[in-house]
Amino acid sequence: MDSNAELKKERPNKSLLLAICAACIGGTFQYGYNISIINAPTKSVQNFINQTWLERYDEDISEKYLTLLWSSIVSIFTIGGFVGATIGGTMAIRFGRKGTLMMNNAFALLAALLMGLSYPTGLFELLIVGRFFTGVNAGIGICVQPQYLGEIAPRALRGAMAMGTSVFITGGILTGQVIGLNELLGKEEHWPFLLCTTCIPAVLQLLILPWFPESPRYLLIDRGDDVGCRNAMKQLHGTDNFDREREDMERERISAMGIKPKKPWQLFMDRSLRWQVLTIILLNAAQQLNGINAIYFYADYVFEEAGIPEVNIPYVTVGTGACECLTALTCGMLIESLGRKVLIIGGYTLMAFWCICFTLTLTFQGAGLWMPYLSMGCVFAFILSFGLGPGGVTNILTTELFTQTTRPAAYMIGGSVNWLSFFFIGMVFPFIVTKLQQYCFLVFLVISVLVAVYIFLVVPETKNKTFLEIHTEFQSGDKRKASKADDGPRTTLLSTPL
């Protein structure tokens, strides 16, 4: 009872908050920023490609080939992200969490340089290469930064502090939307500068992150540096707060003695981790396949139908980004009181409900003047529901369901699935919309319901539990299922004649 009271009273140290901001600004902020920043200069970059093609070959580029080149510039980001996710875990083990984040900025700086040189050199191919490197940067960042946040935060604040991942992703999206407005860098002549701005978060992280320590868990468990661990915890948690956390780390260190960090394929072969691995695969796939991309696809159409002038739609789109950012902040304030399980199940359940509502409002769009406004309400409600659950909690669970020796490999698996799902939905979604139109949301309804049911049945609540306690809870669940399976054949034999 006393320990629970202590957990509730704990407040984050100022140094911990600043370390989280330093890690996130060059980590998942870059992911969100580079997703949204590419939307504003679409026509400007296409005009540049056409002009360059004309100068090279004395003829206009065909519409089909122009679309192919633009699609390559946009989609190569996800290929780079997949590559980054596959190497991020290995880098985190070899160079440390902080060390990997620092090195990762080289990809962002190189990408900014290449994209900035594309216009003066007349080489649109540099845009493709630059976008690939922004993807690699984002892939490594979204793989390593949540590990760093989850490992530096005390147990009682792990959920709230790890929400920095979601807050900075949505903050990056919102910043990209704002910077892309015509009043700032959205004009045609400014697009090279717009794409170069990806270097700013990288420079900020290179200046700020060195002042903060490496992950204490990495120092103690992976490197055996007890003095470094104590110094890091003293800086991050304060002199009075880290004894309990140090004991938790010591127990995990003892349990991991003689065990090397596992590779991704070893996680698939370890039967004690099968439910954790299945959970992160399902959650990361669902994060991209739950309909959030479809909502953004339909948003402009819905806003037009509501009578919003085309020139004002970018400002309303900024409103959707602000809505998602505020929801991520709200989730961060609620996660330690309500828990992970309630938020993510509630988020998917609400998304399923709004899928039904949105399908109905789109189907009967012409039934009355007020119907487009209901559709607008569904857009914002769906985004709010996504930010409240799946958008915020998924990365936290990937941290909490694994211990120190398996966590980097788990992030490699989860990140790879996430990026592949991102690529898949980008390729397949236009065909789904063409065939099913507004009824495509019924597919996302089924996905949201199935994920909510799975989480309810399989995933335990992880709030205020150590990583070892969560791992033990999964193992005890496996033993219960195994004992039931042992009793199963007798029951089956009795019912065979039926």
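Reader: Which helix gives the largest share of the lining of the second largest pocket?
Author: That is H18, with four residues. Keep in mind that the model is a predicted one.

Reader: Which helices supply at least two residues each to that lining?
Author: There are four such helices: H2 (14-25), H8 (158-162), H9 (164-179) and H18 (313-338).

Reader: And how many residues line the second largest pocket, and which lie nearest its centre?
Author: The lining has 13 residues. Nearest the centre are Ala-160, Met-161, Gly-164, Val-167 and Leu-329.

Reader: What volume does the second largest pocket have?
Author: About 290 Å³.

Reader: Now cavities. How many of 30 Å³ or more does the structure hold?
Author: One. The volume of the largest cavity is about 80 Å³.

Reader: Which residues line the largest cavity?
Author: The lining is made of Ile-142, Cys-143, Asn-284, Asn-395, Thr-398, Tyr-411, Gly-414, Gly-415, Asn-418 and Trp-419. Helix H7 (125-152), helix H21 (390-400) and H22 each give two or more residues to the lining.

Reader: Which of the helices gives the most to the lining of the largest cavity?
Author: H22 does, with five residues.

Reader: Take Asn-418. Where does it lie?
Author: Asn-418 is part of helix H22, which covers residues 407-436.

Reader: Why does Asn-418 count as buried?
Author: Its relative accessible area is 8%, and buried means under 20%, so Asn-418 counts as buried.

Reader: What is Asn-418 in contact with, leaving aside neighbours within four places in sequence?
Author: Asn-418 is in contact with Tyr-31, Asn-284, Gln-287 and Gln-288. Of these, Tyr-31 is one of the buried residues of H3, and Asn-284 is also in the lining of the largest cavity.

Reader: Since H3 came up, is it mostly covered or mostly open?
Author: Mostly covered, with eight of its nine residues buried. The buried residues are Thr-28, Phe-29, Gln-30, Tyr-31, Gly-32, Tyr-33, Asn-34 and Ser-36.

Reader: Which residues are buried in helix H11?
Author: In H11, residues 199-208, the buried ones include Pro-201, Ala-202 and Gln-205. These three lie on the same side of H11, because the arc they cover around the axis is only 100°.

Reader: What covers the buried residues of H11?
Author: The cover includes H2, helix H3 (28-36) and helix H6 (97-121).

Reader: Next, the largest nonpolar core. How many residues does it have, and which have the most contacts inside it?
Author: It has 60 residues, and Phe-441 and Ile-455 have the most contacts inside it. Helix H19 (residues 340-363) gives the most to this core, with ten residues.
Author: There is also a second, separate core of 31 residues, and among its members are Val-144, Ala-153, Leu-157 and Leu-209.

Reader: What tends to happen to nonpolar side chains in soluble globular proteins?
Author: In such proteins, nonpolar side chains tend to be buried together.

Reader: Back to single residues. Where is Asp-58 found?
Author: Asp-58 sits in the loop between helix H4 (42-57) and helix H5 (63-95). Its phi is positive, about 55°, although Asp-58 is not a glycine.

Reader: Is Asp-58 buried or exposed?
Author: Exposed, because its relative accessible area is 67% and the cut-off for exposed is over 50%.

Reader: What is phi of Asn-464?
Author: Phi of Asn-464 is near 60°, again a positive value in a residue other than glycine. Asn-464 is in the loop between helix H23 (440-458) and helix H24 (467-495). With 24% relative accessibility, Asn-464 counts as partly exposed.

Reader: And Pro-372, where does it lie?
Author: Pro-372 is in helix H20, residues 371-388. It counts as buried, at 6% relative accessibility.

Reader: How far apart are Pro-372 and Val-302 in sequence and in space?
Author: They are 70 residues apart in sequence and 6.4 Å apart in space, C-alpha to C-alpha.

Terms used
Residues are numbered from 1 along each chain as its sequence is written. Side-chain values use heavy atoms; hydrogens and water are left out. On a 1 Å grid over the protein atoms alone, a cavity is a set of points where a 1.4 Å probe fits but cannot get out, and a pocket is an open set with protein on both sides within 12 Å along at least five of seven lines; lining residues have an atom within 4 Å of a point. Grid points are joined across faces, edges and corners, and a volume is the space filled by probe spheres set on the points. Buried means under 20% relative accessible area, exposed over 50%, partly exposed in between (1.4 Å probe, protein chains only). The arc is that of the directions from the helix axis to the C-beta atoms. Contact means heavy atoms within 4.5 Å. A nonpolar core is a set of buried Ala, Val, Leu, Ile, Met, Phe, Trp, Tyr and Cys residues joined through side-chain atoms within 4.5 Å.
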